[in-house]
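Welcome to my notebook. I jotted these entries while looking around, and you are welcome to follow along.

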Amino acid sequence: MNLLNESHLIYTHLAAKTPPFEKLKDKDPRWKKHRGVEQRNAGLKWLRENLILNKNKGVVYFMDDDNTYSVKLFDEMRKIKKVGVWPVGLVGGFNAEAPEIDTTGKVSGYKSGWKPDRPFATDMAGFAINLDLILSKQDAQFSYKMAKGFQESEFLGYFVTKDELEPMADNCTKVYVWHTRTETPVIKGELPGFEV
Ligand SMILES: *[C@@H]1O[C@H](CO)[C@@H](O)[C@H](O)[C@H]1NC(C)=O
């Protein structure tokens with residue numbers, strides 16, 4: 001809250017709780033549960049309840065605390081008419097994952113460390129959607145019913161076919177977002193008087 005307050009950004013701060021059955025246990029690997037379903041859906045619900053199709057303009061992007069972004073990414077996003085896609089750095093054990101672009105400038109497939117044959121084999125950080133689509137396809141949301149690792153792919157399936165994807169970042173040759181992870185630091189001692 002403090003960070004947002006001091007950011008001078010225009011924001012709406014939403015909070016949504018992950019239901020107990022979807023909480024990761026201590027030793028669970030990170031892929032074991034769907035993550036962010038409740039939170040992303042809360043954001044979608046807010047947009048649909050508060051913004052008006054053809055009046056409000058914008059692009060919807062699901063950011064996360066384990067990504068690092070170049071500001072260039074946001075300049076790219078502004079061009080999106082339906083769904084834009086681009087490479088993501090340091091993901092799935094690779095230096096980058098990226099859509100493959102054919103000679104006509106369309107997405108023909110994906111270079112991905114995991115299930116590249118998914119209909120939309122992109123990471124959550126690798127796409128953004130024009131607000132018009134979010135507002136006109138009201139039933140599109142994330143779900144616990146989706147197969148593990150298919151949230152992105154199934155969600156995008158509500159909006160476009162592969163043919164309609166718009167490759168950004170110089171035909172998907174540039175990396176403007178990276179998975180850099182945030183980890184719980186090891187704190188050995190405590191200096192009194194500081195809340196971090
Ligand atoms: C992307 O590739 C297509 C097809 O080769 C080309 O027509 C287009 O100019 C390229 N766009 C950019 C931004 O490089």
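This is a predicted model: local features need pLDDT of at least 70, side-chain atom pairs count only at pLDDT 80 or more; totals for chains, interfaces and linings use all residues.

**Entry 1: the ligand.** An oxygen atom of the ligand is 3.2 Å from a polar backbone atom of Thr103. I then looked up Asn171, where a polar side-chain atom lies 2.3 Å from an oxygen atom of the ligand. Which residues surround the ligand? I found Thr103, Thr104, Gly105 and Asn171. On its own, the ligand has 360 Å² of accessible area, and the protein covers 36% of that. I also sorted the shell around the ligand by residue type: four residues are polar, with no nonpolar and no charged ones.

**Entry 2: Gln138.** Where does Gln138 lie? I located Gln138 in the loop that runs between helix 4 (131-136) and helix 5 (151-157). Its side chain has a polar atom 2.9 Å from the backbone oxygen of Leu135. I looked up the relative accessible area of Gln138 and got 48%, so I noted this residue as partly exposed. I also checked Gln138 against Tyr69: the two are 69 residues apart along the chain, and their C-alpha atoms are separated by 29 Å.

**Entry 3: aromatic pairs.** How many aromatic pairs are there? With ring centres required to lie within 6.5 Å, I have a count of twelve aromatic pairs. One of them joins Tyr69 and Phe74, with ring centres 6.0 Å apart. Why is the Tyr69 and Phe74 pair tilted? Planes under 30 degrees apart would count as stacked and those over 60 as edge-to-face; the planes here are at 55°, so the pair is tilted. Phe74 is partly exposed, as its relative accessible area is 25%.

I looked up Tyr158 and Phe159 next. Their ring centres are 6.4 Å apart and their planes are at 55°, so I wrote this pair down as tilted. Is Phe159 buried or exposed? Phe159 has a relative accessible area of 7%, so I call it buried. Tyr158, at 34%, is partly exposed.

**Entry 4: the aromatic cluster.** I traced one aromatic cluster, formed by Phe62, Phe127, Phe142, Phe155, Tyr158 and Phe159. The partly exposed Tyr158 and the buried Phe159 therefore both turn up in my notes again, as members of this cluster.

Notes: Residues are numbered from 1 along each chain as its sequence is written. Side-chain values use heavy atoms; hydrogens and water are left out. A residue is near a molecule or strand if one of its heavy atoms lies within 4 Å of it. A polar contact is a pair of N or O atoms within 3.5 Å; within protein, one must be able to donate a hydrogen and the other to accept it, and residues adjacent in sequence count only if both atoms are side-chain atoms. Accessible areas come from the Shrake-Rupley method with a 1.4 Å probe; for residues, only the protein chains shown count as cover. Ala, Val, Leu, Ile, Met, Phe, Trp, Tyr, Cys and Pro count as nonpolar, Asp, Glu, Lys and Arg as charged, and the others, Gly among them, as polar. Helices (H or I, at least four residues) and strands (E, at least two) are DSSP runs, numbered from the N terminus. Buried means under 20% relative accessible area, exposed over 50%, partly exposed in between (1.4 Å probe, protein chains only).
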